[in-house]
Amino acid sequence: MLSDSDISALAITLKLAATSTLVLLVIGTPLAWWLARSRRRFQFLLEAVVALPLVLPPTVLGFYLLIALGPNGPVGRFMEAIGGSSLAFTFSGLVIGSVLYSMPFVVQPLQNSFAAVGNRSLEVAATLRASPIDRFFTVALPMARNGFLTAIVLGFAHTVGEFGVVLMIGGNIPGRTQVASIAIYDHVDALEYANAHWLSAGLLLTSFILLAAIYALNRRSRMLAP
């Protein structure tokens, strides 16, 4: 059965995934819209930066974030200058790392959905005197709803499964920064395979349900499409 520390790790994991996904939607939606609509010459550089976590080892990203967020890093020094404290080994630091590491899993589905909207529907709305903001909220967003669903599920599920980045930035502090993936590693390291099985099975089931839901909803949308 799950111990109190395992339940705490699961709670932190779900809180981290929900918070990171919300932040990613706020940041990723305008970014994905710009990437889908812009034709700037050096746009590919920004796309490469967004996609970098797909190929970059998590420990590399986690290491540089630890340096930046630590007390001697630029972000850490800035936080101390304004009366705050270092973000390393805190839940806020975990959120920053998770947002950066899961960025492509949210931005890319949104970008593809916005690109699929095309110009015709937006041009029709413009002829009806809809402002750019109105066209975005009344035309683009409803037409890209499947992309949002995919982005939410992938962003959430990817954050739930993070290990290297959160370990580098947050360490392994029970009740504060210990997430489920790290708790599983601790159980295996201590030869506590039964506890590791319980946590692993829970994450496996959660991930499967999320992915099955997104495929089912996308299939239903395709069948209902004219």
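Let's begin with Leu2, which sits in the segment before helix H1 (4–37); helices here are DSSP runs of H or I with at least four residues, numbered from the N terminus. This is a predicted model, in which local features need pLDDT of at least 70 and side-chain atom pairs count only at pLDDT 80 or more, while totals for chains, interfaces and linings use all residues. Residues are numbered from 1 along each chain as its sequence is written, and side-chain values use heavy atoms, leaving out hydrogens and water.

Leu2 is partly exposed, at a relative accessible area of 33%; buried means under 20%, exposed over 50%, and partly exposed in between, with a 1.4 Å probe and protein chains only.

Now turn to helix H2 (residues 43–51), where Gln43, Val50 and Ala51 are buried. Seen down the axis of H2, the buried residues fall within an arc of 90 degrees, so they line one face of the helix; the arc is taken from the directions from the helix axis to the C-beta atoms. These buried residues of H2 pack against H1 and helix H5 (91–117), contact being heavy atoms within 4.5 Å.

What lies in the largest nonpolar core? It has 26 residues, of which Val107, Leu110, Phe114 and Phe148 touch the most other members. H1, H5, helix H7 (132–143) and helix H8 (145–160) each supply at least two residues of this core. Such a core is a set of buried Ala, Val, Leu, Ile, Met, Phe, Trp, Tyr and Cys residues joined through side-chain atoms within 4.5 Å. A second, separate core of 10 residues includes Ala17, Phe156, Ala196 and Leu203.
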